[in-house]
Protein chains: 2
Amino acid sequence: MLDDRKLAVLRAIVEDYVSTNEPVGSKSIVDRHNLDVSPATIRNDMAVLEEQGFIVQPHTSAGRVPTDKGYRLFVDRLGGVKPFSAAERRAIETFLAGAYDLDDVVTRTVRLLAQLTRQVAVVQYPSLTRSAVRHIELVPLTDRRLLLILITDTGRVEQRAIDLPGPISEDAITQLRAVLNACLDGRRLTEVASVVADLPERITPGERANAAAVFSVILESLIERHEEKIVVGGAANLTPADFSQGLHEVLEALEEQVVLMRLLGESGDEASLTVRIGAENQVKGLRSTSVVAAGYGSGDHALAKLGVLGPTRMDYPTAMGAVRAVARYVGQILAES
Amino acid sequence: MLDDRKLAVLRAIVEDYVSTNEPVGSKSIVDRHNLDVSPATIRNDMAVLEEQGFIVQPHTSAGRVPTDKGYRLFVDRLGGVKPFSAAERRAIETFLAGAYDLDDVVTRTVRLLAQLTRQVAVVQYPSLTRSAVRHIELVPLTDRRLLLILITDTGRVEQRAIDLPGPISEDAITQLRAVLNACLDGRRLTEVASVVADLPERITPGERANAAAVFSVILESLIERHEEKIVVGGAANLTPADFSQGLHEVLEALEEQVVLMRLLGESGDEASLTVRIGAENQVKGLRSTSVVAAGYGSGDHALAKLGVLGPTRMDYPTAMGAVRAVARYVGQILAES
DNA sequence: ACTTGGCACTCTGGATACAAGAGTGCCAGG
DNA sequence: CCTGGCACTCTTGTATCCAGAGTGCCAAGT
């Protein structure tokens with residue numbers, strides 16, 4: 001159904017269109033790539049490719065442009081992943097290794113991805129669910145307001161202010177802190193929920209109301225909320241020309257955490273590379289963009305995701321290579337700290 | 001030199017141009033605003049205004065458009081600050097009061113400002129220099145790597161990993177922690193530098209090398225670095241039409257922390273409103289944008305700055321009103337926590 | 001059965017021309 | 001100092017035209 005040459009033609013069209021941003025015609029294909037056939041032959045092949053929905057012509061008698069389906073075939077069977085040179089990999093590594101902070105790691109990762117791919121980069125903060133509690137600190141802000149600070153073994157710090165139902169004494173805080181640390185130290189965050197449920201009995205009755213407020217905050221916010229933090233960078237790489245409906249909608253979508261979550265969420269749960277092309281993205285306003293994403297993590301399990309976003313007319317092999325390499329090294333960096 | 005009517009004409013030109021985005025002609029001025037004179041009179045006035053550099057015509061026989069100098073005069077003497085209605089103020093207040101985190105306060109502030117003004121919002125994290133140390137925590141990550149956590153009385157948490165010159169024991173950490181908390185608790189961050197310098201003598205000699213590493217991190221990073229954090233939002237409000245050189249450059253500038261620092265830094269140090277119009281901004285790439293900024297803080301002193309950025313063709317009175325109102329309430333929220 | 005050269009056809013994009021509309025500058029008179 | 005009138009200048013939109021690029025199809029060649 002699609003012989004080798006037709007595939008070669010599709011590859012040529014994708015590659016040329018990506019690099020020139022102009023519909024590619026039969027003649028230019030035979031010129032640039034050395035297929036030993038005539039333009040007319042290419043035209044016949046293109047007619048078939050068009051009928052099958054891999055390419056279209058913007059108007060009668062213009063060159064052809066790949067469709068989402070065409071890009072999909074290219075990504076799945078033709079493009080592959082462009083590996084990075086040793087030098088490039090080293091550059092990535094040292095750039096990321098300079099970070100001294102989780103925030104800093106994430107920030108640098110975004111910048112790096114954006115720069116490598118010349119696209120918009122999107123990085124999700126690593127999930128806490130696989131980390132373990134290293135330390136819990138309670139700091140009084142007023143007599144009915146506490147600051148809860150949770151430190152994980154991955155060096156991450158989460159903070160949250162808590163409004164208490166009643167005033168609390170220094171002693172009670174000390175007790176609470178001791179109990180929390182005794183019971184939760186070393187526990188994985190996924191276990192915290194069940195442990196916390198059993199805690200009240202170890203608390204002086206008069207302090208249970210306040211303690212309950214603290215516990216509920218631990219459960220609610222620390223375990224659930226933080227996974228939603230996402231950072232975007234490289235928005236300047238969006239070129240107006242690439243987005244017919246105007247990049248206004250794209251910029252808007254990029255500012256919505258929820259949208260970004262869905263975007264990364266849609267890509268499969270595995271740690272491997274996922275590519276979503278054009279309308280494959282269910283997110284409105286990003287139907288003409290593609291997303292290349294990958295999970296990353298310190299071990300074998302993915303902690304979170306990162307990726308790049310750009311027009312469907314994207315250099316997929318390079319983008320995939322960059323995302324894969326960066327994901328790998330970020331995981332490595334996180335494992336070390 | 002500029003009589004009342006000429007000022008009224010300038011005001012009319014600014015207002016109409018801001019709302020219509022089209023050069024405004026003499027006829028439309030007499031139509032919309034009820035100056036009881038003829039178009040010809042307006043034309044004479046406009047000729048004077050043009051000669052003085054307050055307005056220009058994009059091409060012969062088009063309407064007039066304000067220059068930077070024209071906007072400047074408008075802002076200084078004509079526009080004033082549009083106050084917010086009580087209802088609006090209440091909305092701002094409740095929106096900000098819902099925050100439970102410093103991060104959250106900042107995030108909400110950005111969103112709020114962007115939404116109120118329909119411009120790009122820029123918010124700098126509040127400076128630590130005026131806060132006092134509430135608690136210092138040291139958590140071992142490995143035997144030669146510590147996580148330093150500093151909690152301020154404003155509920156802010158700073159964290160930083162420290163690589164030590166040699167291995168450190170649990171006991172040494174405990175000692176160090178105790179010394180740090182004993183000496184620094186309650187101190188303003190501005191005093192910390194001098195206190196830390198005197199600390200080494202209270203440390204067991206064998207641990208001085210490690211302690212020194214910790215101290216230097218406290219000085220270096222906590223006191224200096226954090227002021228640079230800035231958050232941007234509402235980039236989707238940039239309309240391509242407003243930026244002749246393309247908004248690409250603007251987007252690029254917005255991603256550079258350094259540039260944003262300069263941008264806010266240029267505005268005067270006082271807590272009051274500052275407006276920088278067009279070329280008054282020394283930042284390259286933002287020469288055709290205006291910035292309305294204000295300091296905000298919990299007391300009388302400004303902790304940091306926030307503002308909005310948009311095309312020179314901006315609704316200054318509204319933007320100034322929004323910035324002022326938001327700055328006020330953010331300060332209030334911060335003071336409470 | 002596939003490939004090829006030839007040819008007519010179609011569509012875009014840029015250039016040109018033209019008319020309408022908007023706005024101005026200037027002048028002479030109130 | 002204000003006003004109406006008038007000639008002048010530009011932009012903007014529309015219509016037309018031409019060249020160029022690219023296609024589809026067909027008949028002939030391998």
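Arg118(B) sits in the loop between helix H6 (102-117) and strand S3 (120-124) of chain B, where helices (H or I, at least four residues) and strands (E, at least two) are DSSP runs numbered from the N terminus. The phi angle of Arg118(B) is near 55°, a positive value in a residue other than glycine, and with 18 C-beta neighbours inside 10 Å the residue counts as partly exposed. A residue is called buried if 20 or more other C-beta atoms lie within 10 Å of its own, exposed if 12 or fewer, and partly exposed in between, with C-beta atoms placed from the backbone. The structure is a predicted model, in which local features need pLDDT of at least 70 and side-chain atom pairs count only at pLDDT 80 or more, while totals for chains, interfaces and linings use all residues. Residues are numbered from 1 along each chain as its sequence is written, and chains are lettered from A and ligands numbered from 1 in the order in which they are written.

Among the buried residues of H1(B) are Val9(B), Leu10(B), Ile13(B), Val14(B) and Tyr17(B), together with Glu15(B) and Asp16(B). Their cover includes H2, H3, strand S1 (55-56), strand S2 (65-66) and helix H4 (68-79) of chain B. In the loop between H1 and H2 of chain B, Asn21(B) has a phi near 65°, again a positive value in a residue other than glycine, and Asn21(B) is partly exposed, with 13 other C-beta atoms within 10 Å.

The DNA comes next. DNA strand C is surrounded by 22 residues, of which the closest are Val37(A), Ser38(A), Thr60(A), Ser61(A) and Gly25(B); a residue is near a strand if its C-beta atom, placed from the backbone, lies within 6 Å of it. Helix H3 (39-51) of chain A, together with helix H2 (26-32) and helix H3 (39-51) of chain B, are the elements that give two or more residues to this surface, and H3(B) gives the most, with four residues. The surface near DNA strand C divides into seven nonpolar, 12 polar and three charged residues, where Ala, Val, Leu, Ile, Met, Phe, Trp, Tyr, Cys and Pro count as nonpolar, Asp, Glu, Lys and Arg as charged, and the others, Gly among them, as polar.

DNA strand D is surrounded by 23 residues, the closest being Gly25(A), Ser26(A), Val37(B), Ser38(B) and Ser61(B). Here the elements that give two or more residues are helix H2 (26-32) and H3 of chain A together with H3 of chain B, and H3(A) supplies the largest share, five residues. By class, the surface near DNA strand D has seven nonpolar, 12 polar and four charged residues.

The two chains can also be compared directly. The same surface serves both copies, since 100% of the contact residues of chain B recur in chain A; two residues are in contact if their C-beta atoms, placed from the backbone, lie within 7 Å. The contact takes 24 residues from chain B and 24 residues from chain A. On the side of chain B that touches chain A, the elements that give two or more residues are strand S4 (133-142), strand S5 (145-152), strand S6 (157-163) and helix H10 (248-255) of chain B. S4(B) gives the most, with five residues, and this side divides into 12 nonpolar, six polar and six charged residues.

Two buried residues of chain B have contacts with chain A. Arg134(B), found in strand S4 of chain B, counts as buried with 21 C-beta neighbours inside 10 Å; leaving aside neighbours within four places in sequence, Arg134(B) is in contact with Val139(A), Ile151(B), Thr152(B) and Asp153(B). Gly233(B), which lies in strand S7 (residues 230-233) of chain B, is buried with 23 other C-beta atoms within 10 Å, and with the neighbours within four places left aside it is in contact with Glu255(A), Val110(B), Arg111(B), Ala114(B) and Ala121(B).
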